[in-house]
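Take a look at the structure below. This briefing covers how its parts meet.

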There are 4 protein chains.
Amino acid sequence: MRSTDNDRCRATAGRPRCPGKQAAILDATLALLAQQGFARMTLDAVARAAGVSKATIHLRYRTKAALAAAALGGLRTCATPPPAADLHTELAIHLDDFAHALHSNHGMALIGTCLAEEPHTPALLRHFREHAVLPRRAALRATLERARDRGALPACTDPEPLVSALLGAVSADHLAGRAHTPDSARATVRAVLGLCVSDDR
Amino acid sequence: MRSTDNDRCRATAGRPRCPGKQAAILDATLALLAQQGFARMTLDAVARAAGVSKATIHLRYRTKAALAAAALGGLRTCATPPPAADLHTELAIHLDDFAHALHSNHGMALIGTCLAEEPHTPALLRHFREHAVLPRRAALRATLERARDRGALPACTDPEPLVSALLGAVSADHLAGRAHTPDSARATVRAVLGLCVSDDR
Amino acid sequence: MRSTDNDRCRATAGRPRCPGKQAAILDATLALLAQQGFARMTLDAVARAAGVSKATIHLRYRTKAALAAAALGGLRTCATPPPAADLHTELAIHLDDFAHALHSNHGMALIGTCLAEEPHTPALLRHFREHAVLPRRAALRATLERARDRGALPACTDPEPLVSALLGAVSADHLAGRAHTPDSARATVRAVLGLCVSDDR
Amino acid sequence: MRSTDNDRCRATAGRPRCPGKQAAILDATLALLAQQGFARMTLDAVARAAGVSKATIHLRYRTKAALAAAALGGLRTCATPPPAADLHTELAIHLDDFAHALHSNHGMALIGTCLAEEPHTPALLRHFREHAVLPRRAALRATLERARDRGALPACTDPEPLVSALLGAVSADHLAGRAHTPDSARATVRAVLGLCVSDDR
DNA sequence: AATGAATGAGATTTCATTCAT
DNA sequence: GATGAATGAAATCTCATTCAT
């Protein structure tokens with residue numbers, strides 16, 4: 001009898017819950033969380049967007065924080081293993097996909113909310129990390145490891161710092177106000193992999 | 001060397017501003033902005049921390065957003081040109097300094113707030129970018145350009161993507177929950193500069 | 001004579017409204033509006049007088065202006081058709097009733113608030129006009145028209161200016177600091193109807 | 001050693017006050033009082049409009065109420081004895097002038113403010129009555145008395161109720177939303193004087 | 001005298017949460 | 001389970017007034 005999140009209410013007996021409402025609530029929450037941030041998002045707005053009453057939300061999630069955490073837990077970062085190609089292209093596709101996620105639907109603001117709320121509600125960053133950050137890193141790491149195993153990268157390559165550098169460069173560009181383009185993605189890959197790494201294979 | 005008009009003439013009419021209050025207000029604002037985020041920061045708390053009344057704050061900054069923007073505008077990212085050393089060490093010192101800024105005083109949460117508020121109050125990110133992000137990037141870029149000019153980096157090196165990769169890696173590590181250490185800084189530098197770049201000079 | 005659908009079906013879902021609160025809110029608003037004027041009336045005072053929380057008021061009326069307008073809309077000027085008598089007496093009763101409304105419960109101050117707020121919140125005067133001014137005028141006009149039709153007033157009499165003169169005289173007296181008495185009401189009627197109009201019928 | 005208003009500060013010794021400022025303050029006060037009402041008028045706005053500082057206002061008038069009362073005390077209702085003509089025309093000119101005063105510069109709202117504030121600040125209505133209401137009534141009464149003395153009105157005519165009816169009709173029309181026109185002024189006079197009073201002389 | 005600075009005391013409005021059907 | 005009603009606890013911003021030159 002364990003609970004994944006102790007503020008998440010469980011329904012066990014009695015009338016079953018209207019099934020579509022759960023998803024509507026979480027979708028609305030995620031959208032508003034990104035658009036307005038955690039603090040500015042109101043339960044009234046979530047209820048309106050989801051087409052339910054506020055009390056219904058509280059029936060499922062005891063607090064606003066629990067609701068937000070659950071919504072982040074519902075994130076599904078498509079692992080999107082990019083179709084094979086040479087390594088540079090493969091990595092650039094990864095970065096383009098990441099940049100797209102950042103710019104569509106206020107993805108960068110969503111990251112910002114999780115970071116901003118960390119001192120107050122660390123569960124947000126925890127869920128975001130587990131469901132969005134780490135899966136994406138894993139996909140990118142797998143690509144790098146495959147490349148290393150087939151000799152396209154030096155055998156001594158440690159993939160984690162490379163993952164951080166590649167993905168971090170995209171968000172650092174956003175923070176600096178530098179627009180992301182397919183060309184900039186390739187430039188990032190080139191800068192990180194270094195000129196000595198041959199572009200083929 | 002005397003005043004052209006009248007030395008006894010006060011610079012401005014009326015009661016002079018209580019000195020130090022301006023700084024106290026901005027300092028308190030910045031601290032609370034980082035600790036609690038823009039939305040959760042209250043003017044009451046700022047006033048209490050700064051030792052002034054709320055009305056005094058409003059006298060100088062018409063709105064909460066203006067206050068926050070001014071506080072961010074007061075950020076002074078010390079350019080900290082690290083003392084000379086071999087390039088890897090020089091860059092690692094840069095990254096350590098950046099990591100220190102991120103972890104002390106909730107620097108990462110401060111970035112998060114600016115990102116989270118961007119859809120609603122873009123001035124925050126704008127000021128943060130100008131006064132914190134770009135100065136740090138400039139310092140790091142200067143280091144890279146000096147290295148390129150003395151031959152420690154290939155002549156064709158484009159510094160901007162390298163800056164993004166190096167600084168971005170630090171924040172990406174934080175986002176992924178990877179602790180920063182002096183060793184991890186060196187690993188990041190090694191990964192980004194590549195093995196082909198000699199570690200000396 | 002049964003319900004078409006289902007008698008057990010509640011009229012509306014959710015918790016039913018606490019009965020009487022609506023009336024308590026509007027009554028308190030009207031009283032405070034008259035006593036203190038729109039600008040000086042506070043929602044706190046209304047809530048206290050009505051025995052509800054401020055938020056409950058805001059639940060029903062989005063803004064203070066909407067609340068005040070609704071309260072004025074609830075005014076019910078009893079048409080008070082005075083019992084038959086000779087015309088002079090009938091009109092004097094009208095004026096006495098109007099004077100009573102002006103002096104009891106700060107009626108004159110209520111008019112003043114509506115006039116004072118007109119540049120800023122014209123809805124107040126609009127509602128007051130529709131629910132208090134025009135009904136009273138209509139009642140008085142009806143009296144005059146009946147008198148004209150039975151020959152107690154010349155056939156060519158235009159009732160509207162007479163209505164304005166009769167009612168206006170009462171408020172003009174108040175503005176001038178002249179106390180209203182039954183005698184002064186008769187004097188007003190006599191002055192307006194003129195000596196040539198016989199006092200009987 | 002009497003003071004006309006005990007909140008009005010008197011300057012007796014020391015540096016004389018800048019003379020033009022007094023008038024600027026009172027003019028600005030009167031204009032804002034009419035435009036916004038007493039409660040909504042802010043001393044900041046008065047100070048800005050008058051080109052002085054708030055503290056300067058408080059130097060002369062201890063409270064906001066004293067300032068408003070003083071401004072109303074400065075009202076000068078031009079007695080405007082209308083040029084001779086037949087009585088109906090003479091009175092209609094009076095009414096037109098009054099209506100003009102009501103509609104220009106928010107005169108009706110100014111009356112409203114004085115009435116609305118009467119429970120809280122009776123000095124406003126008192127000053128307004130003395131400096132605006134009574135002078136106008138006196139001018140109109142004089143006209144009526146002259147007419148009575150020359151036989152254009154019955155010898156037994158009591159002028160006060162007529163004054164109230166004539167002036168009151170104009171404000172009652174405003175309250176009812178009836179526009180004032182020169183024609184409506186004549187209709188009012190005709191209604192009040194009655195058909196039996198000949199229109200000539 | 002005149003003025004800019006400073007402030008205490010609110011006022012309106014918002015919102016997460018609980019209640020009563 | 002679902003919902004509308006109700007509310008306590010703020011939060012931002014305003015303003016008349018006083019203070020220190």
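This is a predicted model: local features need pLDDT of at least 70, side-chain atom pairs count only at pLDDT 80 or more; totals for chains, interfaces and linings use all residues.

Residues are numbered from 1 along each chain as its sequence is written, and side-chain values use heavy atoms, without hydrogens and water.

**The domains**

**The interface**
- In contact (heavy atoms within 4.5 Å) are 12 residues of domain 1 and 13 residues of domain 2.
- The buried area is about 950 Å², with 76% from carbon and sulfur atoms.
- Buried area is the accessible area (1.4 Å probe) that two parts lose on being put together, summed over both.
- A34(A), F38(A) and L72(A) supply 53% of the area that domain 1 buries against domain 2, more than any other three residues.

**Polar links**
- The rule finds 1 residue pair in polar contact across the interface, both at pLDDT 80 or more.
- A polar contact is a pair of N or O atoms within 3.5 Å; within protein, one must be able to donate a hydrogen and the other to accept it, and residues adjacent in sequence count only if both atoms are side-chain atoms.

**The domain 1 side**
- α1 (19-40) and α4 (64-73) of chain A each supply at least two residues of the side touching domain 2.
- Helices here are DSSP runs (H or I, at least four residues), numbered from the N terminus.
- α1(A) gives the largest share, 7 residues.

Key: Chains are lettered from A and ligands numbered from 1 in the order in which they are written.
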